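Hi,

Here is the structure I promised to pass on to you.

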Amino acid sequence: MVGEGEILMNSTAYEEDSTQEMSVILFAEGKRGSIEITRTARSTTTFARSDKEMEMSLDVKIGEEPLKSGPDGQEAIESFFPKELERFFFIDGEALEEYTEMMRSSALEGLKEEVNSVLGIPALLRGDEDLTRIRRGIKSKIDSATKADIDSSKALDELNRQRNVLKTKIRESDDLKNKLETVMSKLENTKEQMQAHKELAPIVEELKLLKAQIELKKVYLKEAAAEKMNESKIAWKVLLWKKSQQQHDSLLTIQNRANLRERSIQQHKDSIRELETLLKETGGLCPECKQPHPEIEKYRVGKQQKLDEHKSVLTRLEEEIPMSSDELTIKLGALKMFKPQDDSAERISRASNKWKKLVNQIASLEETYERLDAQLTEDAKTNVEVLGERKGRQEATVAKRESEWRNAQNEVNQAELEVRRLEGLTGKSNLNKEDHQLDNIISSLIVAVKDTINSYREQARKNVEKRATEVFAKLNNAPEVYTGIKVDKDFKTAILNTKGKAARKPSSGAVSIMTMSVIDALRHVSGMDLPVFLDTPGRSLDQHHKSKLLDYFWQTEGQQFLIFAHSGEYAVEETVNQFEGRLARAYTISLPRDHRSCYQPECLSEDVEHNSYNKKNTCNACGFEWDLTSQKTLVLEVPL
Amino acid sequence: MSDQGFAIGSVGISETSHALLESLVYNPDDVSEDRPFESIVEAFRFAFALGIVHEKRTKRSGKSAGVAPRQFNVLDYSTLIEEEAVKNSESLGLIISEYAEAGCELIQDALSESKSVLSLID
């Protein structure tokens, strides 16, 4: 900023120019030679009060090229430095939150153009637009052709699309084949490793078999134990019945005898009653013929004897008093409670033996298992087991991949058939062959450009993510919490935690550092070797991050880095001392009233007299005097 | 004293026998051990039956542990032991307890010989 041999500042222009005018001239050296850019602001009124009352002009001179002004000048600048890139080379610390929001927001329109510019994509996009425009012209020509031509043209479009589909299918099929071969190779490797342990394999197999048998037997044992428990519920009856059966049978005999006795008593009583009636009624006549009987007395004596016998037996029977019938019934009922089922003992024994047999079998298997197991070291066992499991997994994966590959091959075959069908349809066209071919070529080119853009963007995204993560790792003060940066396909960004997932609420310092890292990565990926201007970079950073930031950007090699910081961000003396070897120049910007010592470079005396009435300071050493009310900005170089 | 001329009494066994019976109760997590009975009362009933079949009674020594009276009614077994109770003027509970105590000894002997508990029914 030069004017009449002294530094020209706004206040001078404002106070002294009759027509207020100010120019800023920028000199730079580039690959195309020296660059001189002059921007001039001239007031269109006597007393300009706003930018609207200022007329702006631009003159650009690059190397030996003719001077360019106005829009031509702007285009000349943008030919080597697109306007969209200014965000990445003129970084405003105060606007970091805005940058962050643009990177984080789902509506990334704010950064989309810039990202495209950084990646050099606009040229490709313009190529795509140009090709589309050319093709539209051909299309309109085709549209005016016959229906067959239209159909043919449509078929051609479809054919191009289908060829692309076929290409994709072939690529996918190849990918799957590669994956299959990779897994098969790994499987072979695993098998080779297993060969090294082949003498142990039978033992390991045997152990596995034994283990499975033991597990199965244990399941059976559980069932057998439960069965035994159920059967044993009547084991006490089986025992008690041994004791009570005899008593039960005795009582039963008594009961039978008692029943017989009752019947016998009744019979004797009946006989006695009959005989007594007979003896009473017969007198001297025969009871049969009712005639006097010569031996009637003898007959009566015989009957009397029978009667006496019955009475004697009846007396004896009645004197035999057994247990009462009720008591017998109760006792028999109580004893019957102890009677098990006929096969209870057998079932209990069977359940018990089954359980016992299983216990013995398991013990035997476990003993065999332990004996075999002792033949293997833990390492060998682990190796063989791991390899076995790996082999199983890999075999399953091979089967899956084979199936996927077969499906992919089928899809390729179908796509090929479709391509051939469409080729047949395009052959029916009566269209001008040149138009046809041109349309075909441009269609292919458009597809190629789009594929290239996508492919390039993806590659650039990976590079940006990698570079941003590297920078972030250098600047981040909590590597144990935040491990990297994720950049998605839309160039939205996130800080990753130790689990590789997006950190939920990263600190504001970490977010600022992430933003810086991504901007730096985008600039790096752009490959543009331009100086970086950073305005108030430490505004939202803590001391650690501020120091790390300078340490990273102020490298001895690489891009030139210019920092514009206020006194609250970086202390001048401390910063200059710390980074002295890496600095080319350092300046302070101040007003005269900020100086209490003499600021003349050759003096710097602190012997200064202050006149508060006149608002002036005077250096007693060199006599320099300065006005404390002056608004003239001082640009002072800091000696390095 | 009941109407029949004997005392009912209550059942109980020594702590040692109680521990033995406890170890015979079914545990689904320990099926390899011989634990055939659903409950301690079931085990006690088996021990009593074993004692009475072998006509062996053992007097309880040491501290005693009770058996749930609601689940074991001594009168259910009076038919088997009432004569003994009247003759010796003993309660049903005492007689049953001593038979069970003896039964526990028999079970312990069987276990010591690696025989299963239920083999004692043979």
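Let me start with two helices: helix 9 of chain A passes helix 12 of chain A in a left-handed crossing. A crossing is called left-handed if the near helix is turned anticlockwise from the far one by less than a right angle, and right-handed if clockwise. Helices (H or I, at least four residues) and strands (E, at least two) are DSSP runs, numbered from the N terminus.

The contact is made by Ala235(A), Lys237(A) and Val238(A) of helix 9 of chain A, together with Ser344(A), Ala345(A) and Ile348(A) of helix 12 of chain A. Here, two residues are in contact if their C-beta atoms, placed from the backbone, lie within 7 Å. Sorted by class, the residues of this contact between helix 9 and helix 12 of chain A are four nonpolar, one polar and one charged. Ala, Val, Leu, Ile, Met, Phe, Trp, Tyr, Cys and Pro count as nonpolar, Asp, Glu, Lys and Arg as charged, and the others, Gly among them, as polar.

Helix 9 (residues 235–282) and helix 12 (residues 344–373) of chain A pack at an angle of about 135°, with their axes 9 Å apart. Axes are lines fitted to C-alpha atoms, for helices over the stretch in contact, and angles run from 0 to 180 degrees between N-to-C directions. Helix 9 and helix 12 of chain A are therefore oblique to each other. For such angles, under 35 degrees counts as roughly parallel, over 145 as roughly antiparallel, 65 to 115 as roughly perpendicular and the rest as oblique.

A word on the source: this is a predicted model, in which local features need pLDDT of at least 70, side-chain atom pairs count only at pLDDT 80 or more, and totals for chains, interfaces and linings use all residues. Residues are numbered from 1 along each chain as its sequence is written, while chains are lettered from A and ligands numbered from 1 in the order in which they are written.

Next, the two chains. Their contact takes 25 residues from chain A and 21 residues from chain B. On the side of chain A that touches chain B, helix 9 of chain A supplies the largest share, eight residues. By class, that side of chain A has 14 nonpolar, four polar and seven charged residues.

There is also an open sheet of three strands in chain A, with the order 13-14-15 and antiparallel pairing. Two strands pair if DSSP finds at least two bridges between them. Strand 13 (608–611) and strand 15 (625–627) of chain A are the edge strands, each pairing on one side only. The twist averages 20° from one strand to the next. Four bridges join strand 13 to strand 14 of chain A, and Val608(A) has Cys619(A) in strand 14 as its bridge partner. Strand 14 (residues 616–619) and strand 15 of chain A pair over three bridges; Thr618(A) stands opposite Glu625(A) in strand 15 of chain A.

Finally, is Phe88(A) buried or exposed? Phe88(A) is buried, with 24 other C-beta atoms within 10 Å. A residue is buried if 20 or more other C-beta atoms lie within 10 Å of its own, exposed if 12 or fewer, and partly exposed in between, with C-beta atoms placed from the backbone.

Happy exploring!
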